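Reader: I have not looked at this one before. Can you walk me through a few spots in it?

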Amino acid sequence: MARLTIGVRDTGAYSTRGTGKGGLLAESSAILRALQRGATLAELRAEVLAGRILHQRARITREGIFKRLAHRLLDHGQPWIFETLLVALDQGERSPEFLSSLLLRYVLQDRLVFDFVTGPLWARWRDGQLGVDRDDLLAFFDWAREAQPQLGRWTEPTRKRLAGDILSCLRDLGLLEGTQRKRLVRPVLPLSTAEHLLRVLIAEGKRGAEILDDPTWRIFLCTPNDVADVLTRLSQTRRIGFERAGSHVVLHTPAEWVTPT
């Protein structure tokens, strides 16, 4: 399988890669379990297409799911992320550790979704406006068109399908609840997922106070004070060192976290 190493997050142009059938929890679990058993990426793709890992009837459906999940879970090219996902999966397919890890990877690996979650959805949460529907995403597409002109070439059915698929995935992964009219809910942020997120920021070169202010924490609807609380609890596990006094932040993380992306 051709490898696309994009580092710890997608920074490309907005695309329709987010189309799909919700959060794909069982499929994500099956693909990661195959990796855990030692399958290479080429073997994994071949087994998926043959129907030995994913069991949807149509080969084209299995191929589409694999492409979406490869982008979310595999194409980052970071061994530590594979290991983090597998440790989370060991807690259970429906565990907060695994669901929150999938939410983090989904949002980070799709720039459109990241900008929507950390922009309009965060603003709605901050303002106490918790209802979310497809029109909110359609309005975001319109707003983003100047900076992302390819959006103007998307057909209306494509826009509506993509908007619906993104909201369904965010619901399945714990950021929204509801069916037709969805509602923002604060996802659980286990310490293992907080560490995953923090390591992403360290790998990207963030340090000190800018860690607390980074918008990536908004995926979990966290303010800078919320982040400080999470890092304090994480420091109590001795995985990191963290102190905050006013605007002064001291943060110590393992040396191996500073990796090229």
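Reader: Where is leucine 24 found?
Author: Leucine 24 sits in the segment before H1. Keep in mind that this is a predicted model.

Reader: What about leucine 221, what is its phi?
Author: Leucine 221 has a positive phi of about 60°, and again the residue is not a glycine. Leucine 221 lies in the loop between helix H10 (209-213) and helix H11 (224-235).

Reader: Is leucine 221 buried or exposed?
Author: Buried, with a relative accessible area of 0%.

Reader: Back to H1. Which residues does alanine 30 touch?
Author: Alanine 30 belongs to helix H1, which covers residues 25-36. Leaving aside neighbours within four places in sequence, alanine 30 is in contact with Ile53 and Leu54.

Reader: How does alanine 30 count for accessibility?
Author: Alanine 30 counts as partly exposed, at 22% relative accessibility.

Reader: How far is alanine 30 from arginine 94?
Author: In sequence they are 64 residues apart, and in space 13 Å, C-alpha to C-alpha.

Reader: Which residues make the contact?
Author: From H2 they are Leu41, Leu44, Arg45, Val48 and Leu49, and from H3 they are Arg59, Arg62, Glu63, Phe66 and Leu74. By class, the contact of H2 with H3 has six nonpolar, no polar and four charged residues.

Reader: Now H5 and H8. How far apart are their axes?
Author: The axes of helix H5 (residues 96-108) and helix H8 (residues 156-172) are 9 Å apart, with a packing angle of about 150°. H5 and H8 are therefore roughly antiparallel to each other.

Reader: Which residues meet there?
Author: Leu99, Leu103, Tyr106 and Val107 in H5 meet Ile166, Cys169, Leu170 and Asp172 in H8. By class, this contact of H5 with H8 has seven nonpolar, no polar and one charged residues.

Reader: How many residues are in the largest nonpolar core?
Author: That core has 84 residues. Leu44, Leu74, Phe141, Leu170, Leu198, Trp217 and Leu231 touch the most other members.

Reader: Which helix gives the most to this core?
Author: H5 does, with eight residues. In soluble globular proteins, nonpolar side chains tend to be buried together.

Reader: Last topic, cysteines. How many disulfides are there?
Author: Zero, from a search of the whole structure. Cysteine 169 is in no disulfide, and the nearest cysteine sulfur, that of cysteine 222, is 19 Å away. Cysteine 222 is in no disulfide either, with the sulfur of cysteine 169 as its nearest cysteine sulfur.

Reader: Why does that distance leave them out?
Author: Because a disulfide needs the sulfur atoms within 2.5 Å, and here the sulfurs are 19 Å apart.

Reader: Is cysteine 169 buried or exposed?
Author: Cysteine 169 counts as buried, at 1% relative accessibility. Cysteine 222 is buried too, with a relative accessible area of 9%.

Technical notes. Residues numbered from 1 in each chain as written. Predicted model: local features only at pLDDT ≥ 70, side-chain atom pairs only at ≥ 80, totals over all residues. Heavy atoms only, no water. Buried < 20%, exposed > 50% of the residue type's maximum accessible area, 1.4 Å probe, protein only. Helix = DSSP H or I, 4+ residues; strand = E, 2+ residues; numbered from the N terminus. Contact = heavy atoms within 4.5 Å. Axes fitted to C-alpha atoms, helices over the stretch in contact; angles between N-to-C directions. Parallel < 35°, antiparallel > 145°, perpendicular 65-115°, else oblique. Nonpolar A, V, L, I, M, F, W, Y, C, P; charged D, E, K, R; others polar. Core = buried A, V, L, I, M, F, W, Y, C linked by side-chain atoms within 4.5 Å.
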